[in-house]
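Student: Can you walk me through the charged pairs in this one? Keep it short, please.

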Amino acid sequence: MYSRKIKLLRALLGNEKLSSAALMDKLRISQRTLRTEVREINDILNRENIHIHSLSMGGYYIKKEEKAAVQKQLDRMIRQTKQLILPETPHERFIFGFTWLFFQEKPVSIQRAAEELYTSNTAMLRTKKKMQNTADEYACIRLETSKRGMWISGTEEGKRHVLAQFINYWTYGSITMERLMTFLFDAEHYERYTAFYQALPELLLSHGHRLADKSVEGLSLDVFLSLVRQERRFVLEEGPEYQGNACIEDICAYWEPFGYTVPKREKAYFEECLNTRRVLYVLDYDYGISEECQTVTEEFLRVTDRKYHTAYMKNPELVFKISVHIAKMLQRLQKGYFETNSILNDVIKRYGKEMEMADGINPILKKRYHLTANVHEVSYLAVYLRAYSSRKLKAIVLCDLGEGIADNMIRQITNHCGERIQLLDKMSLAEYRLNPIPADLLISCSRIYNVDLPEKTKVIYVDYLLKEEHLKKIQDFLLKSK
C-alpha cells in the first residue's frame, strides 16, 4: 500500500528539507520504519533516475531539479491507490483481513495489517479479536500471535479448506465476493474464477455428480484457491496417492490454457474436496458407501426410533440419504473440514426436537471414532429428520357453504401443505357439535361456539376462498408444531 509513502513524498515536496525527527513525528513511525519507507520509495524512483537524498546530519530532501519528476511519480501512486479495492465497512474489514492473512508467509504486525486495510491500529485490534474468534471455530487452524506479529498456523490442506469454506459462507451470492477476490488477487483472477464457476456444473453433471449450489461454489473455491496458493508457492504436505479420476482430470484440463499444471498431490486434494461436498441425490446411484457407514446410519436411526417413537428405519429412501450424508460428514470430520449451514439459526429455532434427535449421532461418533459433529453438521441431519417425519397433523375443515366450497378448500390446503397434514373430514359446524372428532387443527370459515375443544386442538380461521395469507397461517402452524 502507498498511503504512508504518499504522505512522506508530499511532505518532502512541500519543504526544502526535513529532519528525520520531523518526519517520524509527522508519520508517527520509528526511525527504522522511516528508513525502510525511504528505501522502498527509492526503489520505485530509481527507475526514473531520481531519488530521495539524505542529509549528513540526518534528514531527507528532494533536489529542486528532480521535484517535477518526483511529483509525476507521486501522481501515479495516487492514481493506483484510487483504483484499489478497499474494505468499506467493519464487516468487510474482517472478511478482507482474515483471508489476506492466509497469504502472508511471515507474521504481520497490527500496524502493517492496518496499513493494508487502510484503517487505524485501534480498529485493526477490534478486527483481530473477531478474526481470533472465527479461527477458533475451525479445528485445523489457529490464529497465532507473538511479538513478531500474527499469523495463521495449521496444515496447508487445512488452511485451503478453511479459506474456501470461509469465503463461501461469508460472501455467497453477494457483491462482496467480487470485491474480496479483486482485493486479494486482481480483476483478471476474479474473471477466471467466475468463468470456472459457471462452467463447473455442466462439467460435474457430465460425470454424474449433482452437487447442491453452495457445494458447487465451495468446490469452485477449493480448486481456484488451491491453484492460486500453488502459484504463490504454498505447497501441500504428502497425502493420499492419486489413483486417477476422470472428473478431476477434466477440471485440471480446464485450467491448462491459463498456464496451470496440476501435480498429482493437488489432484488428490481436489478429489478429497469433491468427495466431501453435499449432493443432490440420485436414488439407487452407487455413492460407494462403506458397510461401516451404513452400520453407523442404522445404529443412529434405530436409537432415534427407540427413544422418540419414530419410524425412520422403515423409510429406505431416508436410510439411503442419511448414509450418504454421514459418509461425507465423516470424511469432513476426519480431515478437519468444516461445512457451515447458512440457515443454522432458523433450524435451531424451528426444529428443536429434530436437533435433539440429530445430536444422537455424537455418542456413536465418539464411541467409534473419537469425533464430534459440530452444531452445523447436526443441523443438516435435523433437516433430514424433519423432512421425513412420519407424523402428520390431523385436521378437519369446517365449512357451512356447501360441498363445492369445502372441496375447493381441501384441494388448496393439500396442494400447499399435503406432506405435513392429514385432512380427516369436511364438516359443517352443526355436524361437528354432534360429533367432535379429535384433531390437531380445525380450519374454519365461521366462528366456532358452543363446542368443548380439546386443549391441544388449534383453530385457524380463514375465508372461503383461502387467501394466500390464510394458507401461510396454516403453513406456519405446521412448521412450528412438534
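**Salt bridges**

Tutor: A network of salt bridges links Arg-4, Lys-5, Glu-37, Glu-40 and Glu-115. A salt bridge here is a side-chain nitrogen of Lys or Arg within 4 Å of a carboxyl oxygen of Asp or Glu. This is a predicted model, where local features need pLDDT of at least 70, side-chain atom pairs count only at pLDDT 80 or more, and totals for chains, interfaces and linings use all residues. Residues are numbered from 1 along each chain as its sequence is written, and side-chain values use heavy atoms, with hydrogens and water left out.

Student: How many salt bridges are found in the whole structure?

Tutor: The search finds 25.

Student: Which residue does Glu-37 form a salt bridge with?

Tutor: Lys-5, with the closest N and O atoms 3.0 Å apart. Glu-37 is in helix α3 (residues 31–45) and Lys-5 in helix α1 (residues 3–13), 32 residues apart. Helices (H or I, at least four residues) and strands (E, at least two) are DSSP runs, numbered from the N terminus.

Student: Are Glu-37 and Lys-5 buried or exposed?

Tutor: Both are buried. Buried means under 20% relative accessible area, exposed over 50%, and partly exposed in between (1.4 Å probe, protein chains only).

Student: New topic. What do the side chains of Asp-407 and Lys-426 do?

Tutor: They meet in a salt bridge, 2.3 Å from N to O. Asp-407 lies in helix α20 (residues 403–417) and Lys-426 in strand β6 (residues 421–427), so the pair ties together parts 19 residues apart in sequence.

Student: What is the relative accessible area of Asp-407?

Tutor: 34%, so Asp-407 is partly exposed. Lys-426 is partly exposed too, at 26%.
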